[in-house]
Amino acid sequence: MASLAWQREDGVFKRYPLGSMVTIGRLPDNTVVIDNPAVSSHHACVFLDGEAFVVEDLQSTNGTFVNSTRVVRETLHHGDVVLIGQHRLVFDERAGTEMTSREPESASQSETLYLNGQENPRLLAVVLNAEARANSAPGAAAPIGKLGILRVVAGRADQAEYVLTDHTSVIGRADWTLIRLKSALAPRVAVAITRNQVGYVATRLHGTMRINSQPMNGRHDLKEGDILDVGELTLAFSVKE
């Protein structure tokens, strides 16, 4: 399985297997969390586009770099180095699913790395899912343990409703997305919806999106009753009891 590996001078410390999509940023609702002021809240994402993985900058403040070149969108090749702030993530398209020997035995897939820019790349702490920060986050839409649902209000879709069980659910034209847009003009990846400890966050990636009839750029904490217009679909967000 392909992976991103956070790499120190003495080797790999943490490996993140790549599914259809991962997000990278400072906030705890990202797959790869780097708590550093130089890293934007939602800095970049890596997703499967056909048979290749692509890194895309999410309008970050300090930019995303591949092999020292600033990029907006770039197809990744084996050994490419994605630079987020001062942190190196190495793309390995042939990696196995096991951790390398340099990783601590206590590390698990649910852990998040927190780094201090002044002492980078020294690891300061490993915390589980950023629970303390997530539980105190304002604007929480769905309590812990509740599942979000997107119900199709208008437009053509494969299902009448979709349960958001994954860490990241994607709306777009690509075959692997949870909610597929039917129009040939729709973006392959339009919106990413990430699930954290307290609710769901929608992030616009491509194309136009409206929430409650208002144009949306960036991210939005989803709340009960929100109406999302993505491409030709109108979706209503609710929380499953």
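**Aromatic pairs, cores and strands**

Biologist: How many aromatic pairs does the count come to?

Modeller: The count comes to two aromatic pairs, where rings of Phe, Tyr and Trp (its six-membered ring) pair if their centres lie within 6.5 Å, and planes under 30 degrees apart count as stacked, over 60 as edge-to-face and the rest as tilted. One of them is formed by tyrosine 200 and phenylalanine 237, which are edge-to-face at 5.8 Å centre to centre, with 65° between the planes.

Biologist: What should I keep in mind about the model?

Modeller: This is a predicted model, in which local features need pLDDT of at least 70 and side-chain atom pairs count only at pLDDT 80 or more, while totals for chains, interfaces and linings use all residues. Residues are numbered from 1 along each chain as its sequence is written, and side-chain values use heavy atoms, with hydrogens and water left out.

Biologist: Back to that pair, which strands hold tyrosine 200 and phenylalanine 237?

Modeller: Tyrosine 200 is in strand 19 and phenylalanine 237 in strand 24, so the pair links distant parts of the chain, 37 residues apart; helices (H or I, at least four residues) and strands (E, at least two) are DSSP runs numbered from the N terminus.

Biologist: Is tyrosine 200 buried or exposed?

Modeller: Tyrosine 200 counts as buried because its relative accessibility is 2%, and phenylalanine 237 counts as buried at 1%. Buried means under 20% relative accessible area, exposed over 50% and partly exposed in between, with a 1.4 Å probe and protein chains only.

Biologist: Which residues touch the most other members of the largest nonpolar core?

Modeller: Leu150, Ile171, Ile193 and Leu228 do, out of 23 residues, a nonpolar core being a set of buried Ala, Val, Leu, Ile, Met, Phe, Trp, Tyr and Cys residues joined through side-chain atoms within 4.5 Å. The largest share of this core, four residues, comes from strand 24.

Biologist: And what does isoleucine 193 touch?

Modeller: Leaving out residues up to four places away in sequence, isoleucine 193 touches residues including Leu150, Ile171, Tyr200 and Leu222, with contact meaning heavy atoms within 4.5 Å.
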